[in-house]
Amino acid sequence: MHTNCEPPVFALHARFVLPVDAPPMSDAAIVIDGGRIVDVGKVDRHIETVALGNAVLMPGLVNAHTHLEFSSLNSPLGVRGSRLCDWIAEVIRWRQQMDDRPPPESGWRSDATRRGLAEALRAGVTTLGDIATPPVDPVCYENSCDSTVFVEFIGLTRQRAEQRDRIIRSHFDRPYSGKGCERPANVVWGISPHAPYTVRWDSLVGLCRRSSTEQVPVAMHLAESADEAEFLRSGAGPFRELLNRLGAWENDAVPLGLTALDYLQVLAGASRTLVIHGNYLATESIDFLARHADRMSVVYCPRTHEYFGHSRYPLEHMLAAGVRVALGTDSRASNPDLDLLNDVRAVAKNYPAIDRETILKMATLHGAAALGLAEDRGSLRPGMRADVIALRLPEYSSSQADPYAFLDDPRCRVERVYRAGELVFTGGSC
Ligand SMILES: [Zn+2]
């Protein structure tokens, strides 16, 4: 990691600036003072300026959904195109193998999380939402991306649910950040009831209540597969068979005949909700999310969606309805890397009718808003934290005025990452 060598007040100048909540600017500069953006616009010769040339400056990216504990994987688990429940069986097997390793490998989750954070930062991600298996060591997130860590709840039997509830509560009981305290300043807690087929209905109700009391966000996988809808409708199908095989099912765990909309109505009681995936949300659910867009968002994970070969994602429908859609990489168990720009590029390629400004907004401002951080980051304007990234543009574009050229050229890498005005990564090329 590179250390800051910039003075307290300095400017970054590039061929293009993409503020995200304002039109693109050319030949523009961002002035940074004490870690905050104080001006965006023309160059002021009196301010020390880092001239980046044929590059584009934009806000640090927000990866709204990942599971960093899988970041030691070199390739996704299972087989491309496999059923979600078969892939989950693979995940359980892999986790068990990792847990069974003798020390020092027993700290594998924290090691993988650190590795994933470093990868995310190199990819221009300055803020992320991570789902983590408890007990979570918040210290492994220190000095990296700002992380909302959603402590995962899995439990269908009453006994397991009570046990998990106690563990989750212990995270909130820990003292807040500051000297000598356990939680670094760049970490905030969230809660993640995993999915409808792994969480008791009464637990979900309780966790949403806790979210509201503690004012912490909730992230839940919902409407991810067609099999999930069958499980909710009839209590049968591949998910139920998997749960029976694992001995994880209890008859009163989830009432029969529920739909994704029933879940959304409970999740609306949380202080803030990230609906992860939502691949198979029906129109009534999409309309519900649009009506609650101030506190509820959907996180689309394009390359994970492709990995499982789901039906076409209803992205145009959601955006037209007014749903706030953020982007996530998901984990390395279903995506070959944590480079969010590759997911942004997948959206640009598969949805040519969606304008590029909106696509970039999904990876920045919408992600920040989903996590409840949009007042502070996700766009470049005075008052915001100076989380800024620079991408070198392809040389051939020197005669073309397209600030979004990097979306078509995967060779364009992140060249610089500033976090609160501090240079934390340099590299990349085009
Ligand atoms: Zn996930």
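The model is predicted, and its pLDDT averages 92 over the protein. A score of at least 70 is reached by 94% of the residues. The chain is divided into domain 1, made of 9-59 and 379-426, and domain 2, which covers 61-370.

**Confidence**

- The pLDDT falls below 50 over residues 176-180. Beyond near neighbours in sequence, this stretch has five contacts in the model.
- Where pLDDT is low, predicted coordinates should not be read in detail.

- The C-alpha centres of domain 1 and domain 2 are 31 Å apart.
- Domain 1 contributes 16 residues to the contact, and domain 2 contributes 16 residues.
- On the side of domain 1 that touches domain 2, the elements giving two or more residues are strand E5 (55-59), strand E15 (414-419) and strand E16 (422-426).
- Strand E15 gives the most to this side of domain 1, with three residues.
- By class, the side of domain 1 that touches domain 2 holds twelve nonpolar residues, one polar residue and three charged residues.

**Strand E1 and Phe-10**

- Phe-10 belongs to strand E1, which spans residues 9-17.
- Phe-10 counts as partly exposed because it has 18 C-beta neighbours inside 10 Å, whereas a buried residue needs 20 or more.
- Apart from neighbours within four places in sequence, Phe-10 is in contact with Ile-32, Ile-47, Glu-48, Thr-49 and Val-50.
- Ile-32 is 22 residues from Phe-10 along the chain, yet their C-alpha atoms are separated by 5.5 Å.

**Helices H5 and H6**

- Helix H5 covers residues 226-234 and helix H6 covers residues 238-246.
- The axes of H5 and H6 come within 7 Å and cross at roughly 75 degrees. H5 and H6 are therefore roughly perpendicular to each other, as angles of 65 to 115 degrees are classed in this way.
- On the H5 side, Asp-227, Glu-228 and Phe-231 meet Pro-238, Phe-239 and Arg-240 of H6.
- The residues of this contact divide into three nonpolar, no polar and three charged.

- Helix H11 runs over residues 340-350, and its buried residues include Leu-340, Leu-341, Asp-343, Val-344, Arg-345 and Val-347.

**Backbone features in loops**

- Pro-134 and Pro-135 are joined by a cis peptide bond, with omega at about 0 degrees. Pro-135 lies in the loop between E7 and strand E8 (146-153).
- Asn-143 is also placed in the loop between E7 and E8. Although Asn-143 is not a glycine, it has a positive phi of about 60 degrees.
- Asn-143 counts as partly exposed because it has 13 C-beta neighbours inside 10 Å.
- Asp-330 is found in the loop between E13 and H11. Its phi is near 60 degrees, a positive value in a residue other than glycine.
- Asp-330 is buried, because 27 other C-beta atoms lie within 10 Å.

Note on methods
Residues are numbered from 1 along each chain as its sequence is written. This is a predicted model: local features need pLDDT of at least 70, side-chain atom pairs count only at pLDDT 80 or more; totals for chains, interfaces and linings use all residues. Axes are lines fitted to C-alpha atoms, for helices over the stretch in contact, and angles run from 0 to 180 degrees between N-to-C directions. Helices (H or I, at least four residues) and strands (E, at least two) are DSSP runs, numbered from the N terminus. Angles under 35 degrees count as roughly parallel, over 145 as roughly antiparallel, 65 to 115 as roughly perpendicular and the rest as oblique. Two residues are in contact if their C-beta atoms, placed from the backbone, lie within 7 Å. Ala, Val, Leu, Ile, Met, Phe, Trp, Tyr, Cys and Pro count as nonpolar, Asp, Glu, Lys and Arg as charged, and the others, Gly among them, as polar. pLDDT is the predictor's confidence in each residue, from 0 to 100. Domain bounds come from an automatic or database domain assignment. A residue is buried if 20 or more other C-beta atoms lie within 10 Å of its own, exposed if 12 or fewer, and partly exposed in between; C-beta atoms are placed from the backbone.
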